[in-house]
Amino acid sequence: MGKFDSIIQKMTVEEKLGQMSQLMAECFGEEDCGTLMGISYGFEVKPELAWNLGSVLGMSGAKRVKDVQKTYLEKSTHKIPLMFMHDVIHGFRTSFPSPIGMACTWEPELVEKASAVAAKEASVSGVHLTFSPMADLARDARWGRVIEGNGEDPLLNCQYSVARVKGYQGDNIRDKYRMASCVKHFAGYGAAESGRDYNTTEISDYQLKESYLPAYKAAIDAGCKMVMTAFNALNGVPCTGNKWLYEELLRGEWGFKGSVITDCTALYELIPHGYAENPAQAAKLALETGVDIEMVSTAYFNEIPKLIAEGKIDEALLDTAVERILELKEELGLFENPYKDADEEEEKRWHVCAEHRALAREIAARSMVLLKNDNHVLPIQEKEKVALVGPFATTDTMIDIWKCMAKPEECVTFFDGMKDRVELVAAEGCAMTEQEGEEALMAEAVEAAKQCDTVILALGEHPSLSAEAGSRAYLTLPENQQKLAKKILELGKKTVLVLFNGRPLELGFLNEEVDSILVAWYPGTEAGNALADVLLGDVNPSGRLSISFPYTLGQVPIYYNALPTGRPKGSDDNPERFTSRYVDAPNDAAYPFGYGLSYGEVSYGELSISNDKMTAEDTITATMEVTNLGDREVMETVQLYLRDMGGSYSRPVKMLKDYQKITLQPGEKRTITFNIDAEMLKYNTRENGYTYEEGTFRVFVGPNSSVKDYKEFVLVS
Ligand code: GLC
């Protein structure tokens, strides 16, 4: 006997299918808060759906949500409250850095805090669930949605996905200021062939288990309430109709009891996938896959009644789906209080409040990654006269396209953050993307730069060049920005490049010719203050790359934890021809995973391990002495990598297994210890499931994934 049997038994097929449908906020008229338009996103919305609908996509605002909920409950038959779901990806009204940037903090606890702030701001605006965390591992910088993820490493991807679930949900989603979370896009969306969004994915069982699936599982094990189907076909079967993925793996092996929702129109897309011939077949396939809610398209509501009447679908499948949906509404406490935390006064109290801005500023500063700092050009000294040049110099475009309800005009611009801190002139120099007749703009910028000691080049990608449907076939900055940079570099001034980007970029001549490079990603509401804090030295940069930067597009996909091949390239100075390498480019990344500099110098001593042999019951400790040679406090992320030298699969040349982000005072020396146990050595072996295999392992401890020195130990029975 299910908890909701009594209500479900009274529901008609249409009423059940209404619960299994989600429409966009735009379907609700502004005036009367409840009249659905006849067509949404090109799909027919039958009038009967209006007062049976289960949930709404992308509506927020305490008053609006309460009005719509009130009208709906007055008119609906069973008084089952609507659920309001939203894409709160990195903040609601206070915008934190893009997720790829937050993943460079190597501080999941900070991301948990940011997620809790996002939940507070969203919940008082009537949001019940967010479509986050996005747990899609990504190794291909051409893919626009790299920006929404946590980079190329499975361990960090798991940790940040869990941090978001905990931050959004707290101990109980019914609690005030909490909301449910939905992990997406299940599964393997980040492996889009050629980096082209929505493209097909071919992922081996080995790579699925080792690289792509762990973070979804971690989010679910952390209590995530919902899973979203991915647009892509996985090994030939579209995820939204992939019974292996959803029935066997997600609900069977992993035991997930929550709801499954499609991505936007992904159910209908089974037709262009060539997997369904028509909406009726698409609906049947998705229902039999275990999909509970159809987002935006209306095949469930429009097609299933006939299939049931014809005996082609068992109505019990609807009951199961509705049960899971009502369970979530119950967990949110909506039956007792359909309005949950929606409250206009609370909105005024919390939205973009000083406390939230302060956290956004702190996280933005810590997400920035210093890639280069020759001649210690940074930090800029307050007596210096600075020219701030480029399309990101004065714009309020400091947030990526997933800005949710954040307002660009509330962002602190780069110029505003700097202007009271140094003598500053600004010149746009050129637009974000190539325009006609920019010569005059560039000439102005060159003139401004001539008057200054230091030039900051504020360059980058327009936000539309990344995120969903933002895949690029090139990774370079736009030609006009490169042209501006060259003109500025001709002046021979101290030059700092600050990047506003949603992905790793191919920097070309900029790698060599500018003195300093700071990757800022899209820093969010407190962008300008965070930039000033870092560039002027109030904050010592501590970000470390969560994704590799290539020298050239031709290396992509490039990632640190690759397999060794049978002909690994030898040393760079005398590479043998017949090895796995390019004749015209290096194998290594321009800036590898885990890389980042600070204002100062940290030295690493000799690695030692407590034993060169261990059984599964033992623990080996790896110790490393780290010294701050600089004259200022520094935050250093000491990273532990392992390599399994042999197994029933070929194993990656390095795997991040642990890290410690520490603060060292000037001159301070500290011994860092990592414990290595058998759990760390496990993986999805060919024959014996998830376990360890005896043999030799290498231990690396260093500042990033390019560390070379190692010690070896043997795992024995
Ligand atoms: C979009 C995105 C997904 C988002 C959903 C709802 O197409 O793929 O990440 O959560 O639709 O906006």
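1. The crossing of helices α15 and α20 is right-handed in this predicted model. Helix α15 covers residues 354–367 and helix α20 covers residues 527–535, and the two pack at an angle of about 50° with their axes 8 Å apart. On the side of α15 the contact involves R361, A364 and A365, which meet N529, A530, D533 and V534 of α20.

2. Two packed helices are described by the angle between their axes and the distance between the axes. For α7 and α9 the angle is about 30° and the axes are 8 Å apart. Because an angle under 35 degrees counts as roughly parallel, α7 is described as roughly parallel to α9. The crossing of α7 and α9 is right-handed. Its contact brings N157, C158, S161, V162 and V165 of α7 together with P214, A215, A218 and A219 of α9. The residues of the contact of α7 with α9 divide into 7 nonpolar and 2 polar, with no charged residue.

3. Helix α9 itself, residues 214–221, deserves a look of its own. Which of its residues are buried? They are A215, Y216, A218, A219 and I220. The elements that cover these buried residues include α7 (154–169), β7 (180–186), α8 (205–212), β8 (226–229) and α10 (243–253). Just after α9, the residue G223 takes a positive phi of about 105°.

4. The buried residues of α4 are A62, R64, V65, V68, Q69, T71, Y72 and L73. Among the elements that cover them are α2 (13–19), α3 (47–50), β5 (83–86) and α14 (344–350).

5. The residue W350 belongs to helix α14. Is W350 buried or exposed? Buried means under 20% relative accessible area, and W350, with a relative accessible area of 9%, is therefore buried. When its neighbours within four places in sequence are left aside, W350 is in contact with K120, E121, V124, Y177, E355 and H356. For a sense of scale, W350 and K243 are 107 residues apart in sequence and 43 Å apart in space, from C-alpha to C-alpha.

6. The residue L457 sits in strand β16, residues 454–460. L457 is buried, with a relative accessible area of 0%. Not counting residues up to four places away in sequence, L457 touches V389, A485, I488, T495, V496, L497 and V498. The C-alpha atoms of L457 and Q207, which are 250 residues apart along the chain, are separated by 40 Å.

7. Most residues other than glycine have a negative phi, and most peptide bonds are trans. V296, in the loop between β12 (294–295) and α12 (299–309), is a residue other than glycine with a positive phi, near 75°. V296 is also buried, with a relative accessible area of 0%. K340 is not a glycine either, and has a positive phi of about 40°; K340 is found in the loop between α13 (315–331) and α14. At 11% relative accessibility, K340 counts as buried.

8. The last point concerns cis peptide bonds. Which residues does the cis peptide bond with an omega of about -5° join? That bond joins L378 and P379, and P379 lies in the loop between β13 (369–373) and β14 (385–389). A cis peptide bond also joins V556 and P557, with an omega of about 10°. P557 has its place in the loop between α20 and β19 (602–604).

Technical notes. Residues are numbered from 1 along each chain as its sequence is written. This is a predicted model: local features need pLDDT of at least 70, side-chain atom pairs count only at pLDDT 80 or more; totals for chains, interfaces and linings use all residues. Side-chain values use heavy atoms; hydrogens and water are left out. Buried means under 20% relative accessible area, exposed over 50%, partly exposed in between (1.4 Å probe, protein chains only). Helices (H or I, at least four residues) and strands (E, at least two) are DSSP runs, numbered from the N terminus. Contact means heavy atoms within 4.5 Å. Axes are lines fitted to C-alpha atoms, for helices over the stretch in contact, and angles run from 0 to 180 degrees between N-to-C directions. A crossing is left-handed if the near helix is turned anticlockwise from the far one by less than a right angle, and right-handed if clockwise. Angles under 35 degrees count as roughly parallel, over 145 as roughly antiparallel, 65 to 115 as roughly perpendicular and the rest as oblique. Ala, Val, Leu, Ile, Met, Phe, Trp, Tyr, Cys and Pro count as nonpolar, Asp, Glu, Lys and Arg as charged, and the others, Gly among them, as polar.
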